[in-house]
Amino acid sequence: MFEARNGILYVEDVAVTEIAKNVGTPVYITSKSLLERNLKAYRDAFKNSELLYAVKANNNLALMKIISRWDFGADVFSDGELYLSLIAGFDRRRILFNGNSKSEKDIEMGINAGVNFSVDSLDELESIYEIAKRDSKEVEIAFRVNPEIDPKTHPKIATGLKESKFGIPHDEVVKAYEIALKKERIKPIGIHCHIGSQILETSPFVEALNRMFDIAKKVEKLGVEFEFIDIGGGLGIDYEGKGSLTPKQLSEAILPVYERRLSELNSEPKLWLEPGRSIVGNTTILLTKVNAVKRAFKNFVAVDAGFNLLIRPAMYNAFHRVAVANKMEKEAEEVYTIVGPICESGDVLAKDRKLPKVEKGDLIAIFDAGAYGFAMSSQYNGRLRCAEVLVDGRRWWVVREAESYGDLVAKQRIPEWLF
Ligand code: LLP
């Protein structure tokens with residue numbers, strides 16, 4: 001879906017130069033076909049499982065609408081993500097409201113929407129109970145378990161380690177179910193964990209699944225009938241060209257374990273998964289224009305996108321492939337470091353990359369930017385967020401307009417006494 005034609009990078013049948021000319025840069029560009037290919041791969045690999053899209057990876061409504069049409073549910077981590085999911089058409093019965101620090105307002109909103117909750121603490125359970133009682137509502141819940149599993153990924157995106165802030169320790173969670181069972185209007189129907197992100201091996205998923213079954217067996221004895229076992233998301237993508245796992249490989253590793261262990265339970269919970277990155281990550285490029293090339297300690301290429309738009313390299317030392325999108329046929333000849341316009345030395349998007357000769361005005365494509373790209377953007381340095389474009393064959397559409405200066409001041413209020 002991303003290929004070179006006559007030296008220009010195309011997204012499906014649209015030249016990125018056409019989008020840059022019409023929309024400007026920087027701009028995020030997504031291939032609809034690639035998104036649907038990813039969705040189909042998950043659907044084919046997990047026919048009898050429930051797939052919840054992790055909205056945090058990319059909350060563009062057009063993308064979310066496509067995802068919901070492929071019969072995905074949604075994993076939401078905030079009131080805002082819940083709001084967006086309902087607009088995008090996700091079925092509320094298949095929305096799981098996650099989060100380790102839910103406010104009363106969040107809980108009210110989730111209860112009114114009739115979604116399931118993943119409960120992260122006994123305090124949260126108490127808040128849900130109080131609000132459900134007050135509003136005469138029934139709430140179905142799972143507990144988020146801290147499974148104490150090393151997912152072998154970047155420490156900042158490991159979420160199920162003993163020291164992580166998420167979930168109830170696995171050796172204390174049975175007690176939590178016992179407490180929940182005593183509360184009217186609260187119905188425990190699931191168990192949930194998430195061990196981390198950008199995971200490139202199957203063994204941590206198998207370990208997590210086994211841990212969930214070990215706990216579910218004990219909890220069933222208390223009288224809970226499980227409707228789902230949710231092992232979260234986390235499947236990695238191939239940022240570096242060294243390979244990653246497909247949904248099929250994941251299903252081949254975990255479904256046999258799942259089937260086998262199901263026979264140990266009385267209830268028949270469905271397997272739930274919450275993929276984010278592996279749905280949207282490789283569908284999108286960030287296209288950015290070169291403002292200046294400078295020979296200093298290094299060959300710096302200064303572009304118009306910085307960590308305000310793609311924070312992953314600065315935050316996790318993440319690697320994203322890059323290409324000179326208007327010189328795709330040219331040989332790589334020099335080593336460049338691509339930097340953004342932000343007033344921080346850490347504003348480096350790609351380090352020491354061998355590329356064709358780069359000049360002012362060239363377009364740089366940063367690949368695999370669909371997950372945790374725009375979703376983590378900010379207005380730091382007074383930088384406006386850029387547009388997002390969705391390509392479908394020969395047609396394309398601006399699915400999010402670029403911000404304007406008005407967006408910098410929209411919510412600011414200067415006290416009268418300063419005039
Ligand atoms: N479910 C839960 C409860 C999660 O916390 C996450 C991600 C997911 C599902 C989706 O995981 P995925 O399939 O996308 O790996 N900003 C970081 C990633 C943070 C992931 C946080 N949780 C990055 O850019 O690498």
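View 1. Strands are DSSP runs of E of at least two residues, and helices are runs of H or I of at least four, numbered from the N terminus. The model is predicted: local features need pLDDT of at least 70, side-chain atom pairs count only at pLDDT 80 or more, and totals for chains, interfaces and linings use all residues. Residues are numbered from 1 along each chain as its sequence is written, and side-chain values use heavy atoms, with hydrogens and water left out.

**View 2. N381 in the loop between β19 and β20.** N381 has a positive phi, near 70°, and is not a glycine.

**View 3. The cis peptide bond between T25 and P26.** Omega is about -10°. P26 lies in the loop between α1 (16-23) and β4 (27-31).

**View 4. The largest nonpolar core, with 75 residues.** Such a core is a set of buried Ala, Val, Leu, Ile, Met, Phe, Trp, Tyr and Cys residues joined through side-chain atoms within 4.5 Å. Y53, F143, I231 and I254 touch the most other members. Helix α8 (residues 203-220) gives the most, nine residues.

**View 5. Contacts of I231.** Contact means heavy atoms within 4.5 Å. Neighbours within four places in sequence are left aside; the partners of I231 include F205, L209, M212, I254 and W272.

Notes: Buried < 20%, exposed > 50% of the residue type's maximum accessible area, 1.4 Å probe, protein only.
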